[in-house]
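Please keep the sequence and the structure in view while reading.

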Amino acid sequence: MEFTKGHGTGNDFVILPDPDGSLDLTPGLVAALCDRRRGLGGDGVLRVVRAAKHPEGVALAGEAEWFMDYWNSDGSFAEMCGNGARVFVRYLLERGLATPVGEALPVATRAGLVRARVAGEDIAVEMRRPRLSGTATATLGGLTLAGAAVDVGNPHLVCAVPAGFELPALDLTRAPDVDAAVFPSGVNVEFTAPGEPVDGTDGHVLMRVYERGSAETLSCGTGACAVAAVGLRDAGLDTGTMAVDVPGGRLTVTVTDDSCWLSGPAVLVATGELTPAALRP
Ligand SMILES: N[C@@H](CCC[C@H](N)C(=O)O)C(=O)O
């Protein structure tokens, strides 16, 4: 079985080509692949399958040739992965599996169709406009923070740390406690602090994230979109561009009237052959 390893701002993925959807991908196999000691290591798996060959992609097969079958490292599914979509598109382009129609390349996902563009060295994907849907709290090491619940296709809770609190001081080796009644399917929790002004943007935010199904990661694209939407709201803006710095680098998010563009580097680092029998779920 062939694999490719790639990442977007340090959010890393095992990419499995499976055009006909014939691979028996199970939660156990995904977790074994993502194991950083016994497997390849990754925050998640991206299975590259033709939309027409995947039950959750077939409805979009008329609009997109490929379906991004995204799995978290614990073997759970997620509706959307922003960095994953950018790395997925890099893979399609580098393997010659797709060429942009006009300038945009459509990809089917569980959260619907996303469109991608090559933006210089970067890949940008257009997703739904984040929806702010109320408030909730996250508790971490005795610190309880109020935050904004945001739907980016997948669920997020964006919590600003108190002024003077250093983001690196947060202990994200454990999942923050959240109200399960508010987030019955779990939630990705972003912690934010203000950054210095960045030219050409409406704001700059520093972020760390504890991802549902993957623990702390170096970056989360949909999380950056959620953070940008909250930052724009706090600045009294409905649309605009925010720089979001994550431990793995910088993402740029532009929220428009009806969508959200996520832009940043997307890199393929290796391709090889798996030994499936040695991967013990
Ligand atoms: N890292 C991703 C988000 C992956 C899914 C998330 N863990 C969830 O369960 O919703 C991104 O770049 O958006």
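Cysteine 220 counts as buried because it has 36 C-beta neighbours inside 10 Å. A residue is called buried if 20 or more other C-beta atoms lie within 10 Å of its own, exposed if 12 or fewer, and partly exposed in between, with C-beta atoms placed from the backbone. The model is predicted: local features need pLDDT of at least 70, side-chain atom pairs count only at pLDDT 80 or more, and totals for chains, interfaces and linings use all residues. Residues are numbered from 1 along each chain as its sequence is written.

Cysteine 220 lies in the loop between S14 and H3. Helices (H or I, at least four residues) and strands (E, at least two) are DSSP runs, numbered from the N terminus. Leaving out residues up to four places away in sequence, cysteine 220 touches Asn11, Asn83, Asn188, Val209 and Glu211. Contact means that the C-beta atoms of two residues, placed from the backbone, lie within 7 Å.

UniProt, in an unreviewed entry, lists Cys81 and Cys220 under "active site". They are spread over 140 residues of sequence but cluster in space, with a largest C-alpha distance of 7.7 Å. UniProt positions are given in the numbering used here, feature names are shortened, and annotations may be inferred rather than shown by experiment. Cysteine 81 is placed in the loop between S4 and H2. Apart from neighbours within four places in sequence, cysteine 81 is in contact with Gly44, Tyr70, Gly221 and Thr222.

## Residues listed for binding

For "binding site", the unreviewed UniProt entry lists ten positions by name, among them Asn11, Asn72, Glu211 and Arg212. Glutamate 211 is part of strand S13 (residues 203-211), while arginine 212 is in the loop between S13 and strand S14 (215-217). Beyond four places in sequence, glutamate 211 touches Asn188, Thr217 and Cys220, and arginine 212 is in contact with Asn72, Gly186, Val187 and Asn188.

The table gives neighbour counts for several residues.

| Residue | Other C-beta atoms within 10 Å | Class |
|---|---|---|
| Cysteine 81 | 30 | buried |
| Glutamate 211 | 29 | buried |
| Arginine 212 | 22 | buried |
| Serine 76 | 16 | partly exposed |

Serine 76 is found in the loop between strand S4 (66-72) and H2.

## The ligand and the domains

Which residues are closest to the ligand? They are Ala78, Asn83, Asn154, Gly221 and Thr222, out of 17 that surround it. A residue is near a molecule if its C-beta atom, placed from the backbone, lies within 6 Å of it. Helix H2 (82-94) and helix H3 (221-234) each supply at least two residues of this shell, and the largest share, three residues, comes from H2.

The ligand's shell lies between domain 1 (2-123 + 266-278) and domain 2 (131-257) because both give residues to it. These bounds come from an automatic or database domain assignment. The domain centres, taken over C-alpha atoms, are 24 Å apart. In all, 18 residues of domain 1 are in contact with 19 residues of domain 2. On the side of domain 1 that touches domain 2, H2 gives the most, with three residues.
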